[in-house]
Amino acid sequence: MAGALALAACAGGPGSRGSVTAEQFYQSAYGKIDELYLEPVDMRRLVLDGLVHAGVVVPDLTVTVQPGGGAVTLAVSRRAPRTFALPAGHDAASWAHLAALTTDWTVAQSADAGPGDQTRETLFRAMLEGGTADLDPYSRYSVPAAARTERSRREGYVGIGVTLEETPRGFRIIAVAPGSPASAAGLWVGDVITAVGGVPVDAAGGGGPAMTVEAVMTRLSGPEGTGVPVRVARAGGMVTVLISRQRILLPTVTAERAGAVGVLHISRFNAGTADALAAAIRHLRDADGLGPPTGWVLDLRGNTGGLLDQAVAVADLFITSGPILNTVGRHPDSVQHYDATPDDILDGAPLVVLADGQTASSAEIVLGALVDSGRALDVGTTSFGKGVVQTVAPLPNGGAVHHLVAHPDAGRPHVRPPRPGARPVHRRPDRRRRHPGPPARPAPPPRHVHRLPGGAQPPGAGGPDGGGDPAGQPAPAAPRPAGGPDPAGRPAGGGQ
């Protein structure tokens, strides 16, 4: 099946799948939600919502909550049903155990319908999708392949740096990342990969079945610094090159000069954004014969978010003192204070920030900090407005659960916390004021960042894993690492 295949070779990572029991999965997932979620969670409702959802989306499964709410009955096809007593309390461990019992029983009853692992993963997904749907508009579950893709967007991946499209002859290169190993090895757009690691990708050449997307991904993946031979077909014939696998961060920053103005655009925030932005500014500022720009534009239109620490680091490039962001939440580690450090990379030159209705999450943190500090003037339409901070908690099966852990301190003028049961709302003040330059304030204490417990990390302020559209839905199909499903779980091609 032809289709886009993007930035493959990102297998592995936190929460590698392996052999995972239902007990391990649910104890991890529900335990993390119970410990870290922004507000106390009703575990009974979380698990029962998941079971009811599973009864809707899993073929041949019927779920009935008994009158009185003391038990739930499951039935698969026409087989004898089974009734499970519900825990009396609300502790996460007891409800996770119930979820595991119901999953294991359903898998056993569905043995003739398909592989047990496949049925188990289907139930994992249904249980968490149904449960998180009622928490808030943004919390969600990512299946293992989608979690791998999203992690690669945030943290980078080890590969060769090409985007591929599946064709009958092989995998055609439709993009080569600048500065990537593939670029250094001389691969071109239009080249067709016909073999990876000495193994042909098509059935005719290898005498066996055609290589799948996962197989291409696996062969292009590998330890950083190791080599992989890649054979490509091009107009001049066949060429085989040995390419060294390297860690690749997807580009998020572009820069150009428009007369005396430096124009910077950030598409999202990943692990390399702040460094890339600083490098772009220095390049424009130090260009031979032109002199530094006399003013700057930071374009955040269409930026739906990403890693929170990178958004803070971007704001810190321009703000010389004072608070950038304070966050508060139920867990002690969700209480964070981010303060600016001295130095302004633009040396006080005027700065304008562009925003629109798709500017969301971590991008709004940058927007609000720059405007509220007086460092920049904003131009454009009202940003989306989330007012929440999410974490991405890895799970034992390789998937991940995204859920809220904090919201920006209500004392900041550019944002207010979400109302109970309502979509968080972004309130923007009248900002039609001239850029006065950074106000004089006492030197702040050093900025500090904490990791959340249990392997969870704060990737962004609002958006799913920091990636996805402002409504909390997965981002549209785009070049993605690993060649697995996109964040919505739809099957995809891949790339490397």
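## Overview

The chain contains 11 helices and 23 strands. The model is a predicted one. Of its 496 residues, 52% count as buried. Among the contacts with a sequence separation of 6 or more, 69% are made by residues 24 or more positions apart.

## Confidence along the chain

The average pLDDT of the chain is 80, and 76% of the residues score at least 70. Confidence is highest in strand E16 (residues 295-299), with a mean of 98. The lowest mean, 31, belongs to strand E1 (residues 4-6).

Two further stretches call for caution. Over residues 412-458 the pLDDT stays under 50, and the model has 116 contacts beyond four places in sequence for this stretch. Over residues 461-495 the pLDDT likewise stays under 50, and here the model has 149 contacts beyond four places in sequence.

An open sheet is formed by three strands in the order E2-E3-E4, with antiparallel pairing. Strand E2 (61-65) and strand E4 (82-85) are the edge strands, each of which pairs on one side only. On average, and with direction ignored, neighbouring strands of this sheet are turned by 20° against each other. Strand E3 (residues 71-76) is joined to E4 by four bridges, the two running antiparallel. Within this pair, leucine 74 stands opposite arginine 82 of E4.

Two helices accompany the sheet. Helix H3 (residues 92-109) packs on the sheet and touches E2, E3 and E4, and its direction makes about 20° with that of E3. Helix H2 (residues 43-57) lies across E2 and E3 and runs at about 145° to E2.

## The nonpolar cores

In soluble globular proteins, nonpolar side chains tend to be buried together. In this model, the largest nonpolar core has 46 residues. Phe25, Tyr26, Tyr30, Val47 and Leu61 are the residues with the most contacts inside this core. Two or more residues are contributed by each of helix H1 (22-36), H2, E2, E3, H3, helix H4 (116-132) and strand E22 (400-408). H3 gives the most to this core, with eight residues.

Leucine 61 illustrates how these parts come together. Beyond its neighbours within four places in sequence, leucine 61 is in contact with Ala54, Gly55, Leu74, Ala75, Val76, Thr106 and Leu123. Apart from this core lies another, of 44 residues, which includes Leu36, Val253, Ala311 and Ala313.

## The crossover through helix H11

Strand E19 (residues 351-355) and strand E20 (residues 377-380) pair in the parallel sense over four bridges. Leucine 354 has valine 379 in E20 as its bridge partner. The chain passes from E19 through H11 to E20, forming a right-handed β-α-β crossover.

Helix H11 (residues 362-372) is largely enclosed by the rest of the structure, because 10 of its 11 residues are buried. The buried residues of H11 are Ser362, Ala363, Glu364, Ile365, Val366, Leu367, Gly368, Ala369, Leu370 and Val371. After H11 comes glycine 374, which has a positive phi near 85°.

## Exposed loop residues

Most residues other than glycine have a negative phi, and most peptide bonds are trans. Aspartate 343 has a positive phi, near 90°, and is not a glycine. Aspartate 343 is located in the loop between strand E18 (336-339) and E19. With a relative accessibility of 63%, over the 50% cut-off, aspartate 343 therefore counts as exposed. Aspartate 347 also has a positive phi, of about 55°, although it is not a glycine. Aspartate 347 lies in the loop between E18 and E19, and its relative accessible area of 68% makes this residue exposed.

Another exposed residue is found in a separate part of the chain. Proline 178 is in the loop between strand E8 (170-176) and helix H6 (181-184). Its relative accessibility is 76%, so proline 178 counts as exposed. Proline 178 and leucine 250 are 72 residues apart in sequence, while their C-alpha atoms are 9.9 Å apart in space.

Terms used. Residues numbered from 1 in each chain as written. Heavy atoms only, no water. pLDDT = per-residue confidence, 0-100. Contact = heavy atoms within 4.5 Å. Pairing = 2+ DSSP bridges. Axes fitted to C-alpha atoms, helices over the stretch in contact; angles between N-to-C directions. Buried < 20%, exposed > 50% of the residue type's maximum accessible area, 1.4 Å probe, protein only. Right-handed = clockwise from strand over helix to strand, strands pointing away. Core = buried A, V, L, I, M, F, W, Y, C linked by side-chain atoms within 4.5 Å.
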